[in-house]
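Please look through the points below with the model open beside them. They are meant for someone who has not worked with this structure before, and they go from one residue to the chain as a whole and then to particular contacts.

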Amino acid sequence: MNDRAVTPVVEKTITIGLVALFLAGMTTTLFGGAVPAARDAAGASIGDRTLATATERVEQAIPPNVANVTVRERVRLPATIRGSGYAIEADGRSLVLDHPDPAVGGRSRLVVPPSVRRVTGSWESASESIVVVRTVEGDLVVTLREGRP
């Protein structure tokens, strides 16, 4: 019996099968764990920077004197983080980033003078973000709102 002609075919078939198994394993590993974890880490980093930028812009909009002021400042924020819209909301003297992905989010405390009575409002990522500072009965009121300055 002469089976030498079958040997190259079997070898190639086994090689193709091993390569296919290797590629399937790598694809499953990358898209099942490594790639989403990297996307979560990148999204969390962008979320932290976005929240820090929003906090900085709100603090910069507050003038040093309280004498009858009205300030309207536009705040530029990314339209999406990790492919989804988000909101930034005022919560007492903090800003909170609310995102559908639990890996993205956070809270940042505002450093504001004692003359600030309250900080209210929210921003949706898809709209134009405005911070309004105005004097009310001798104190400052800070409002996050959407629209044009």
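1. Does T50 count as buried or exposed? With a relative accessibility of 4%, T50 counts as buried, since the cut-off for that class is under 20% relative accessible area. Please bear in mind here and throughout that this is a predicted model.

2. T50 sits in helix α1, which covers residues 6–61, and its side chain reaches the backbone oxygen of I46 at 2.8 Å. When residues up to four places away in sequence are left out of the count, T50 touches L77, P78, I81, Y86 and I88.

3. As for the overall layout, the protein chain has one helix and seven strands, and along the sequence these follow the pattern α-β-β-β-β-β-β-β. Of the 149 residues in the protein chain, 30% are buried. The accessible surface of the protein chain comes to about 9,200 Å², and 57% of this surface belongs to carbon and sulfur atoms.

4. Which residues have the most contacts inside the largest nonpolar core? They are V58, L95, W123, V131 and V142, in a core that has 25 residues. At least two residues of this core come from each of α1, β1 (70–75), β2 (87–91), β3 (94–98), β5 (116–124), β6 (129–136) and β7 (139–146), and α1 gives the most, with four residues. In soluble globular proteins, nonpolar side chains tend to be buried together.

5. Leaving aside the neighbours of V58 within four places in sequence, V58 is in contact with L95, L110, W123, V131, V142 and L144. Among these partners, L95, W123, V131 and V142 are also named, together with V58, as the residues with the most contacts inside the largest nonpolar core.

6. V10, I14, L18 and L21 make a nonpolar surface patch of about 400 Å². V10 is placed in helix α1 and has a relative accessible area of 41%, so V10 is partly exposed.

7. Where does D101 lie? D101 is found in the loop between β3 and β4 (106–109), and at 14% relative accessibility D101 counts as buried. The side chain of D101 makes a polar contact with the side chain of R82 at 3.1 Å. Not counting residues up to four places away in sequence, D101 touches D40 and R82.

8. A41 lies in helix α1 and counts as partly exposed, at 49% relative accessibility. Although A41 and R82 are 41 residues apart in sequence, the distance between them in space is 9.8 Å, C-alpha to C-alpha.

9. The structure holds six salt bridges. In one of them E128 pairs with R74, and the closest N and O atoms are 3.2 Å apart. Because E128 lies in the loop between β5 and β6 while R74 lies in strand β1, the pair ties together parts that are 54 residues apart in sequence. Both partners are partly exposed, E128 at 24% relative accessibility and R74 with a relative accessible area of 35%.

10. R117 deserves a separate look. R117 forms a salt bridge with E137, with the closest N and O atoms 3.6 Å apart; R117 lies in strand β5 and E137 in the loop between β6 and β7, so this pair ties together parts that are 20 residues apart in sequence. R117 is partly exposed, with a relative accessible area of 34%, whereas E137 is exposed, with a relative accessible area of 73%.

11. D139 also forms a salt bridge with R117, the closest N and O atoms being 3.6 Å apart. This pair links distant parts of the chain, with D139 in strand β7 and R117 in strand β5, 22 residues apart. D139 counts as partly exposed, at 28% relative accessibility. Through salt bridges that share partners, R117, E137 and D139 are joined into one network.

Methods: Residues numbered from 1 in each chain as written. Predicted model: local features only at pLDDT ≥ 70, side-chain atom pairs only at ≥ 80, totals over all residues. Heavy atoms only, no water. Buried < 20%, exposed > 50% of the residue type's maximum accessible area, 1.4 Å probe, protein only. Polar contact = N/O pair within 3.5 Å; in protein donor to acceptor, adjacent residues only side chain to side chain. Contact = heavy atoms within 4.5 Å. Patch = residues over 30% accessible without salt bridge, like charges linked within 9 Å, V, L, I, M, F, W, Y side chains within 5 Å. Areas by Shrake-Rupley, 256 points an atom, 1.4 Å probe, with all protein chains shown as cover. Salt bridge = Lys/Arg side-chain N within 4 Å of Asp/Glu carboxyl O. Core = buried A, V, L, I, M, F, W, Y, C linked by side-chain atoms within 4.5 Å.
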